[in-house]
Amino acid sequence: RAALCPERVPSTAGDFPTFAMKRQTTLGLAFLLSHVSALKFGTGSRSNQTEDCLFVQPVISTKVIEGYCGTGKSSLVDTKACDAALTPFLHKSLANRMFKDCDSWCVYDFEKPESIVYRWDEKASCYQAGGAGNPCFGNVEQSMAIDQKRKMCKDASCTQLVTAMSDQLMKRYCGDLSSTGENRGMSAKSCDEENNDAVKKALA
């Protein structure tokens, strides 16, 4: 089971976070001593010991959002995607400040900033996910978000828990709802009707 990353309060400097962390692989004393001569003469690899990168926030919280935007924007913690199944992905994007500033209507997907954007829908009070054709797509802010993602540490600590299913979610995973005749859409069902909910949960 993947462990959760420790929470970190980011810097508020600049439009996109500039804090960096040093990730170090902890070596046992015996291992270190056995490799000291190799390191001393420059023949050993040190690339896996230190890495300058931006810390990945695995979850959204009031503390994280207030670290970016102050207390006036803490309600971002409770904001939703208009497609409920995409809310966990929106939250991770917000947690890692994939937006230009705290008044921006555009948020860029943490995993796929080059292809998925979220734009605030004032009438529906939620973020609409989209791609090309969305007003947030193809602008300077998106380029900044893509660059931001490149600076992030490798995110292997945890997986987003998705509790709802939608056709849009399945297209995010697979590109389409079917490739060889199988059904991965909302109409997917179990051969045993009582397991229909379990099938949708497994797909999500």
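1. The count of disulfides comes to 4, where a disulfide is a pair of cysteine sulfur atoms within 2.5 Å. With bonded cysteines counted along the chain, these disulfides follow the pattern 1-8, 2-4, 3-6, 5-7.

2. A word on the basis of these values. This is a predicted model, in which local features need pLDDT of at least 70 and side-chain atom pairs count only at pLDDT 80 or more, while totals for chains, interfaces and linings use all residues. Residues are numbered from 1 along each chain as its sequence is written, and side-chain values use heavy atoms, with hydrogens and water left out.

3. Cys53 is joined to Cys153 by a disulfide with an S to S distance of 2.0 Å. This link of Cys53 and Cys153 is right-handed, with 90° about the S-S bond. The pair connects distant parts of the chain, 100 residues apart: Cys53 belongs to strand 2 (residues 50-53), and Cys153 to the loop between helix 4 (140-150) and helix 5 (167-174). Helices (H or I, at least four residues) and strands (E, at least two) are DSSP runs, numbered from the N terminus. Cys53 counts as buried at 3% relative accessibility, and Cys153 counts as buried at 6%. Buried means under 20% relative accessible area, exposed over 50%, and partly exposed in between (1.4 Å probe, protein chains only).

4. A disulfide is also formed by Cys82 and Cys126, whose sulfur atoms are 1.9 Å apart. The link of Cys82 and Cys126 is right-handed, with 95° about the S-S bond. Because Cys82 lies in the loop between helix 2 and helix 3 and Cys126 in strand 5 (residues 126-130), the pair ties together parts that are 44 residues apart in sequence. Cys82 is partly exposed, at 29% relative accessible area, whereas Cys126 is buried, at 8%.

5. Cys106 and Cys136 are joined by a disulfide, S to S 2.0 Å. The torsion about the S-S bond of Cys106 and Cys136 is about -80°, so this disulfide is left-handed. Cys106 lies in strand 3 (residues 106-108) and Cys136 in the loop between strand 5 and helix 4, so parts that are 30 residues apart in sequence are tied together. Cys106 is buried at 9% relative accessibility, and Cys136 is buried at 0%.

6. Cys191 is exposed, with a relative accessible area of 90%.

7. Thr79 is located in the loop between helix 2 (62-69) and helix 3 (87-95). Thr79 counts as buried because its relative accessibility is 9%. Leaving aside residues up to four places away in sequence, Thr79 touches Thr87, Leu90, His91, Leu94, Trp120 and Tyr127, contact meaning heavy atoms within 4.5 Å.
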